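Here is a short briefing on one protein chain. Look over the sequence and the structure first, then read the points by topic.

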Amino acid sequence: MTFEGNVLFSMQLCLHKWKNQSRSYSITRFGGKNFFSERTRPSIYCSIAAENDPYVSSTVQGTDAKVIYSVSPAMGHNQESHPESNFRVPAIINALEKMELSPMYRGSEIFELQNFRPASVNDIANVHSRAYVSGLEKAMDQASQQGMIFIDGSGPTYATATTFHESLLAAGAGISLVDSVVEASKKSQNPPIGFALIRPPGHHAIPKGPMGFCVFGNVAIAARYAQKVHGLKRIFIIDFDVHHGNGTNDAFYDDADIFFLSTHQDGSYPGTGKIDEVGHGKGEGTTLNLPLPGGSGDIAMRTVFDEIIVPCAQKFKPDLILVSAGYDGHVLDPLANLQFTTGTYYMLSSNIKQLAKNLCGGRCLFFLEGGYNLDSLSYSVADSFRALLGDPSMASTFDDPAVLYEEPSTKVKQAIQKVKSIHSL
């Protein structure tokens, strides 16, 4: 069997296992309730793949969909007690069901894209070196023998026997959403917003290797794919993960056609994303980094959106907006020290959707990055879905104002003013 055939076969087994396992999940979350449903995930409104190819991407039927999402949970990519675990995506999926935000409850408003292909090695090599890709594939033999290996010298990025294949599938879930959203935008002025519920995450993965829990740069790969396959030249990437998306930053640092904008906690991992990192050569001015002081929260992000993100996007005039949607800035997340709330993520999602509608025909996709408290992750993604659907926020049912403290408003204003001065905003 060819390498591509092995990938497809392995992915088929992996998806089959995950769908079967979804019947037996049992983990106590959310106020002591059993959050992992014992029924299978709904697969309503999914088109049938061609008989001779089980990996032909399904497409949105009709123009009613407001959200189109793909799921790649990487169930085999897991290390016990690691924050980036295989509980993350199933927790989100079950939250969407519990809160009646799935196709089963919302009909054609929400569409789950299935039967997507894994990304090809060529897709990955548009961003990452072929030496890295082939080296990771070869390392799977060692991972299979040992059960788990570490592949990143600067942080706890692990790999199991399925990591290479599942990382291809995660990237494939993203580029298949690009296909669907772009196709829908040709038929409707209000195409669905895409949301890739995938792991491993991607924004730390540098062109030459893995880093910070990330294997392949899912957003970066999707951006290059959109350019090469769909001719969408100008891509605007918003990264609101609590950590700087150094991999995406590096991939496009000298590229004038891809604008990378990152908000992140100052001083957090990996220590990159300084305010004066603005791009190089032809790409000078198309990288914007805004390190926010610890304790920054909803007020800070609302100001950042209005005074930084909107004018940058308006000035750049993108053909497509991609979002590295990290939910680890939440006040309850264990890996950082910002004060975002579920309501913050509702605001960001709603405003980004409107920004895409105003600037690029509504073409916009979100990619899951960080978020390691399963409660805040699940509720926040669910509220993002509500924002994209046009539903009112339910953040007040989860957020507890008592855990919040005064934001460092003076430091936030200083950081914003410095960025505005550097980028002439």
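Helices (H or I, at least four residues) and strands (E, at least two) are DSSP runs, numbered from the N terminus. By that rule the protein chain holds 12 helices and 12 strands. This is a predicted model: local features need pLDDT of at least 70, side-chain atom pairs count only at pLDDT 80 or more, and totals for chains, interfaces and linings use all residues. Residues are numbered from 1 along each chain as its sequence is written, and side-chain values use heavy atoms, with hydrogens and water left out.

**Whole chain**

- The protein chain has 425 residues, and 61% of them count as buried. Buried means under 20% relative accessible area, exposed over 50%, and partly exposed in between (1.4 Å probe, protein chains only).
- Contact means heavy atoms within 4.5 Å. Take the contacts between residues at least 6 apart in sequence: 78% join residues at least 24 apart.
- The accessible surface is about 16500 Å², and carbon and sulfur atoms hold 49% of it. Such areas come from the Shrake-Rupley method with a 1.4 Å probe; for residues, only the protein chains shown count as cover.

**Surface patch**

- L332, V403 and L404 make up a nonpolar patch on the surface, with about 210 Å² of accessible area together.
- Patches are made of residues with over 30% relative accessible area and no salt bridge; like charges are joined within 9 Å, nonpolar side chains (Val, Leu, Ile, Met, Phe, Trp, Tyr) within 5 Å. A salt bridge is a side-chain nitrogen of Lys or Arg within 4 Å of a carboxyl oxygen of Asp or Glu.
- L332 sits in the loop between β11 (320-325) and α10 (342-359). L332 is partly exposed, because its relative accessible area is 38%.

**Around I352**

- I352 belongs to helix α10. I352 has a relative accessible area of 0%, so it is buried.
- Leaving out residues up to four places away in sequence, I352 touches I238, F240, F305, I321, V323, C364 and F366.
- I352 and L388 are 36 residues apart in sequence, yet 9.2 Å apart in space, C-alpha to C-alpha.

**Cysteines**

- A disulfide is a pair of cysteine sulfur atoms within 2.5 Å. The count by this rule is zero.
- C364 is in no disulfide; its nearest cysteine sulfur, that of C360, is 6.9 Å away. C364 is buried, at 0% relative accessibility.
- C214 is also buried, with a relative accessible area of 1%.
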